[in-house]
Amino acid sequence: MSQHYKKFLSLLERWPVDKSKVGRDLGQYLRDQLTTVLGSSNIIAVKDDRLNRQFRSLENIVNDVNAHRYPRTLNSTATGLSGEQCREVLSTEFLQILQKKD
């Protein structure tokens, strides 16, 4: 299992943590899951093939495999907002502002 731990650790080193999404960030969630799954005493129960599939899938995401395979031709979104505006709207700070208005 130490080989899996090292592979996942190297993958997570390349995975950014979005500080604007405290408690909702995928990078932080993955780090927490790594600690839970690979750091537990039930490590024998985890199947190698399942871990390898999960690792390959996460590696494809962090390496933007599909973004390179299927490049976007337009920079628009369904909302009409830019990518940066979408990030701002999804930030924890903005969501807290919306909750205070309710």
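Student: Which charged end sits over the ring of Phe-55?

Tutor: This is a predicted model: local features need pLDDT of at least 70, side-chain atom pairs pLDDT 80 or more, while totals for chains, interfaces and linings use all residues. Residues are numbered from 1 along each chain as its sequence is written, and side-chain values use heavy atoms, without hydrogens and water. A charge sits over a ring if NZ of Lys or CZ of Arg is within 6 Å of the ring centre and within 35 degrees of the ring normal. Here the charged end belongs to Lys-7, 4.7 Å from the centre of the Phe-55 ring.

Student: How many aromatic pairs are there?

Tutor: Rings of Phe, Tyr and Trp (its six-membered ring) pair if their centres lie within 6.5 Å; planes under 30 degrees apart are stacked, over 60 edge-to-face, the rest tilted. The count is one. Phe-8 lies in helix 1 (residues 2–13) and Phe-55 in helix 3 (residues 48–62), 47 residues apart. Helices are DSSP runs of H or I, at least four residues, numbered from the N terminus.

Student: Is Asp-25 buried or exposed?

Tutor: Buried means under 20% relative accessible area, exposed over 50%, partly exposed in between (1.4 Å probe, protein chains only). Asp-25 is buried.

Terms used. Helix = DSSP H or I, 4+ residues; strand = E, 2+ residues; numbered from the N terminus. Lys, Arg positive; Asp, Glu negative; His and termini not counted. Salt bridge = Lys/Arg side-chain N within 4 Å of Asp/Glu carboxyl O.
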